[in-house]
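Hi,

Here is the structure I promised to pass on.

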Amino acid sequence: MEVCQPLTKVANDSCPAIDQLQQKLTLLRQSNNPIQHFEDHENEIHSLFIQAEREILAEELQKLDINKASVEVNGVVYHQALRSYQTYQSAAGPVRVLRSLYRNAGDKCIVPLELKAGVVEGYWLPKAAKQAAWMVAQLPPADVKSLLDLMGNMSPSTSSLARLPKKLNEQWEQHLDPFETLLAENLTVPPDAVTVAASLDGVMLPMKDGKRQEKREKSVADGKRTRGPAGCQEASCGTLSFYDDQGDRLSTIRMGRMPESKKATLKKSLSNLLDKVLQQKPNLTLVKVADGARDNWTYFTKELPEGEEIVDYYHAAEHLKKAFDLAYGENSAKSKEKFSTYRHILKEEPGGVEKIIKALAYQHSKHPRRSKLKTELKYFRKNRLRMNYAEHLSRNLPIGSGVIEASCKTLVTQRMKCSGMRWRCPGGQGILTLRSLIQSGWFDCGWMLLSVTYRAKVNMVSDNVIPFSSGKGDIER
């Protein structure tokens, strides 16, 4: 706890900042002389405005303080234990006010001023917290700090910026189910939507607790190469995308979760959201699209409503190229020719996958010892019912998982796989949740839900309540 001196300082202690600003504006209006150094002039005017803003905020924040023996919050009585000055971070910079701290018999402490104003994590005023959360979701804290210093408004430390998404995530995860329900209930399906596509995918993320050293030592002991993504775990992404009758994508809702067994939380969130969507518009055609990963299709088939299932065409094309490379030689002229021909057949011709299977079965009969070629043949046989690309295209249904691939990049890779970054789940999930809200167009709604958790109604208690003594005495400076 910081015990400070006076309220926000201005350039001239005897003249409030708002008066200095008014004097400056009066002089400017009376002067006909052009500004010689306009950047310096900009900086001076900006500084005067934000000093005046901090002064006003400090005055209004001070009015929210309670200086009584006892208060009541949510049915619990708290007794005044301390009065001191505290610095809060506003969108215009630091403001300092005198406030009271209260404690109950269980030693839980509250600050009524913070509960009434909605101060975030005992430091951020609401607007500053919202701005900082948005910025730190997009940039590393050190870059956000540099940007804020350049802008000349608020001035939090890098460590304060780094802690913010983690702390916000604690609040979000405590209320995950009701928050997601409220967001889903406020979702408006695009009026022109006729199709909704559900997708899942994952991306490897470097983890601080990914047992990197143990994995490398095990690889050495097993005589295996120690290069590769040791210490990485799979973060997961999910999307719901809406398409019109021409097959054009209208909007996408994105979700991201840190590594978790079987993507359990993400799957639950995706299922719940899809239920709300189909309740709102039950005649939507549901398309489930992903790569060939078994776990994805187990979930799509068993846990989602009936719909069209399609393996991403571009993943299928990669397997087709690999098969012909195995049959004719990697990147040989014959392999390229066959791939070009059969890729078109797979995509454009009805029942094209059966022709692919026939061609690969013939190549396998010629090269029975090429086990990898047999693996590719099994891939097409296993997924043949999910490769009706020509039919899907004729109905303007999506055949690719490009949206989920892009989501993995924009949600995870761009922000969380910069040089030297390693993550733990709480901090990483804070970033993913914020980025998911931003990219889904839900940031304002999500912030409203979060900000409510930092506010509470504070009631006065009659002065005849016996005060609680901390045993340390009160401090007021």
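Let me start with one serine. Ser236 sits in strand β6, residues 232–243 (helices, H or I with at least four residues, and strands, E with at least two, are DSSP runs numbered from the N terminus). Ser236 is buried, with a relative accessible area of 3% (buried means under 20%, exposed over 50%, and partly exposed in between, using a 1.4 Å probe and protein chains only). Leaving out residues up to four places away in sequence, Ser236 touches Asp201, Gly202, Met255, Gly256, Arg257, Lys263 and Leu266; a contact here means heavy atoms within 4.5 Å. Take Gly256 from that list: Ser236 and Gly256 are 20 residues apart in sequence and 5.8 Å apart in space, C-alpha to C-alpha.

Before going further, some housekeeping. This is a predicted model, where local features need pLDDT of at least 70 and side-chain atom pairs count only at pLDDT 80 or more, while totals for chains, interfaces and linings use all residues. Residues are numbered from 1 along each chain as its sequence is written, and side-chain values use heavy atoms, with hydrogens and water left out.

**Overall**

The protein has 18 helices and ten strands. Of its 477 residues, 47% count as buried. Among contacts with a separation of 6 or more, 70% are between residues 24 or more positions apart.

β6 belongs to an open sheet of five strands in the order β7-β6-β5-β8-β9, with mixed pairing (two strands pair if DSSP finds at least two bridges between them). At the edges are β7 (249–257) and β9 (308–311), each pairing on one side only. Neighbouring strands of this sheet are turned by 20 degrees against each other on average, direction ignored (axes are lines fitted to C-alpha atoms, for helices over the stretch in contact, and angles run from 0 to 180 degrees between N-to-C directions).

What about β5, is it enclosed or open? Eleven of the twelve residues of β5 are buried, so the strand is largely enclosed by the rest of the structure. β5 pairs with β6 in the antiparallel sense over twelve bridges, and Met204 has Glu234 in β6 as its bridge partner. β5 also runs parallel to β8, joined to it by four bridges, with Ala198 opposite Lys288 in β8.

Strand β8 (residues 285–290) in turn pairs with β9, in the parallel sense and over four bridges. Lys288 turns up again here, standing opposite Glu309 in β9. Helix α10 (residues 294–303) packs on the sheet and touches β5 (195–206), β8 and β9; its direction makes about 165 degrees with that of β8.

**The other sheet**

Another five strands form an open sheet in the order β4-β3-β2-β1-β10, with antiparallel pairing. Its edge strands are β4 (109–110) and β10 (459–460), each of which pairs on one side only. β2 (residues 76–90) and β3 (residues 93–103) pair in the antiparallel sense over eleven bridges, and Gln80 stands opposite Tyr102 in β3. Helix α2 (residues 38–62) packs on this sheet, touching β2 and β3, and its direction makes about 10 degrees with that of β3.

**Loops and surface**

Most residues other than glycine have a negative phi. Asn331 has a positive one, near 60 degrees, and lies in the loop between α11 (313–328) and α12 (333–348). Asn331 is partly exposed, with a relative accessible area of 41%. Asn396 also has a positive phi near 60 degrees. Asn396 is in the loop between α15 (389–394) and α16 (402–416), and is partly exposed at 29% relative accessible area.

Finally, Leu139, Leu147, Leu150 and Met151 make a nonpolar surface patch of about 370 Å². Patches are made of residues with over 30% relative accessible area and no salt bridge, with like charges joined within 9 Å and nonpolar side chains (Val, Leu, Ile, Met, Phe, Trp, Tyr) within 5 Å; a salt bridge is a side-chain nitrogen of Lys or Arg within 4 Å of a carboxyl oxygen of Asp or Glu. Leu139 lies in the loop between α4 (126–138) and α5 (141–151) and is partly exposed, with a relative accessible area of 32%.

Cheers

How values were computed
Accessible areas come from the Shrake-Rupley method with a 1.4 Å probe; for residues, only the protein chains shown count as cover.
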